Amino acid sequence: MSSWSDRPHTALVVVDVQNDVVARAHDRDGVVGRIASLVDRARSNDVPVVWVQHHDDDLVQGSEAWRYVPELTQRESEPVVHKQYGDSFEGTDLEQVLAARRVGSLVVAGAQTDACIRSTVHGAFTRGYDVTLVGDAHTTDDLSAWGAPGPAEVVAHTNLYWSHQGAPSRTAAVVDTADVDFGTSGKSSQPVA
């Protein structure tokens with residue numbers, strides 16, 4: 001279905017589940033646990049797992065704050081994409097990583113909902129990918145002191161918004177962790193619309 005007719009495979013993209021990024025995140029342990037189960041299921045179905053890791057002046061590359069949470073273990077064979085912008089495609093090799101694996105459909109989970117998750121799902125969609133956001137496997141901090149809605153509302157609104165996206169030759173969807181079906185051989189057997 002994606003704009004990439006020569007890319008029949010699906011990848012799980014895990015965005016910024018780093019120590020300081022999720023330290024104060026809404027439902028942190030629940031979201032991390034659900035992401036861990038997605039990683040296990042993807043691996044058991046030979047679906048590529050792609051890790052995205054942010055760095056900037058406040059999140060210094062190589063620091064403990066920058067490292068992925070200990071509950072999520074990356075395999076040496078799994079690519080890690082290092083980024084400095086919200087959209088995981090901007091200024092990174094993510095497109096090349098996905099092209100090399102013939103990936104045209106993404107299942108996305110991680111943090112922060114109202115920043116890097118939103119930017120990445122939009123960035124993927126506008127580049128021609130089918131994008132499934134895992135509705136109960138992304139999170140954000142409580143920024144209500146600065147006028148934002150509470151984090152549960154931010155997550156719910158993002159899920160609502162993303163479930164109503166559409167464009168020619170590609171699909172957008174929101175599903176819960178339990179409903180993600182990676183199928184076999186790196187292909188998703190679930191409809192992503």
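Two strands are said to pair if DSSP finds at least two bridges between them. Helices (H or I, at least four residues) and strands (E, at least two) are themselves DSSP runs, numbered from the N terminus.

Good morning. The structure before you is a predicted model, in which local features need pLDDT of at least 70 and side-chain atom pairs count only at pLDDT 80 or more, while totals for chains, interfaces and linings use all residues. Residues are numbered from 1 along each chain as its sequence is written, and side-chain values use heavy atoms, with hydrogens and water left out.

Let me begin with the overall picture. The protein contains five helices and seven strands, arranged along the sequence as β-α-α-β-β-α-β-α-β-α-β-β. Its C-alpha atoms fill a box of roughly 45 × 35 × 30 Å along the principal axes. The radius of gyration, taken over C-alpha atoms, is compared with a globule rule of 2.2 Å times the number of residues to the power 0.38. For 193 residues, a compact globule would have a value near 16 Å, and the 15 Å of the protein agrees with that.

Of these 193 residues, 52% count as buried; buried means under 20% relative accessible area, exposed over 50%, and partly exposed in between, with a 1.4 Å probe and protein chains only. A contact means heavy atoms within 4.5 Å. Among contacts with a separation of 6 or more, 77% come from residues 24 or more positions apart.

I turn now to strand 2. How many of the residues of strand 2 are buried? Six of the six residues, 49-54, are buried, so strand 2 is largely enclosed by the rest of the structure. V49, W51 and Q53 point one way from the strand, and V50, V52 and H54 point the other way. Strand 1, residues 9-15, runs parallel to strand 2 and is joined to it by four bridges; V13 has V50 as its bridge partner. Four bridges also join strand 2 to strand 3, again in parallel, and here V52 stands opposite V81.

Strand 3, residues 80-83, also holds H82. H82 counts as partly exposed because its relative accessibility is 34%. Leaving out residues up to four places away in sequence, H82 touches Q53, H55, Q61, W66 and T92.

Next, the interior. Nonpolar side chains tend to be buried together in soluble globular proteins. A nonpolar core here is a set of buried Ala, Val, Leu, Ile, Met, Phe, Trp, Tyr and Cys residues joined through side-chain atoms within 4.5 Å. The largest such core has 29 residues, of which L12, V14, V17, I35, L38, L72 and F182 touch the most other members. Helix 2 gives the most to this core, with six residues. Beyond its neighbours within four places in sequence, L38 is in contact with L12, A109, V134, A137, T177, V180 and F182. A second, separate core of 23 residues includes A11, F89, V103 and V131.

Finally, helix 5. Its 12 residues, 151-162, reach 16 Å from first C-alpha to last, close to the 16 Å expected at 1.5 Å a residue, the expected span being 1.5 Å times one less than the number of residues. Which residues of helix 5 are buried? They are P151, V154, V155, T158, N159 and W162. These residues cover an arc of only 130 degrees around the axis, which puts them on the same side of helix 5; the arc is that of the directions from the helix axis to the C-beta atoms. What covers them includes helix 4, strand 5 and strand 7.
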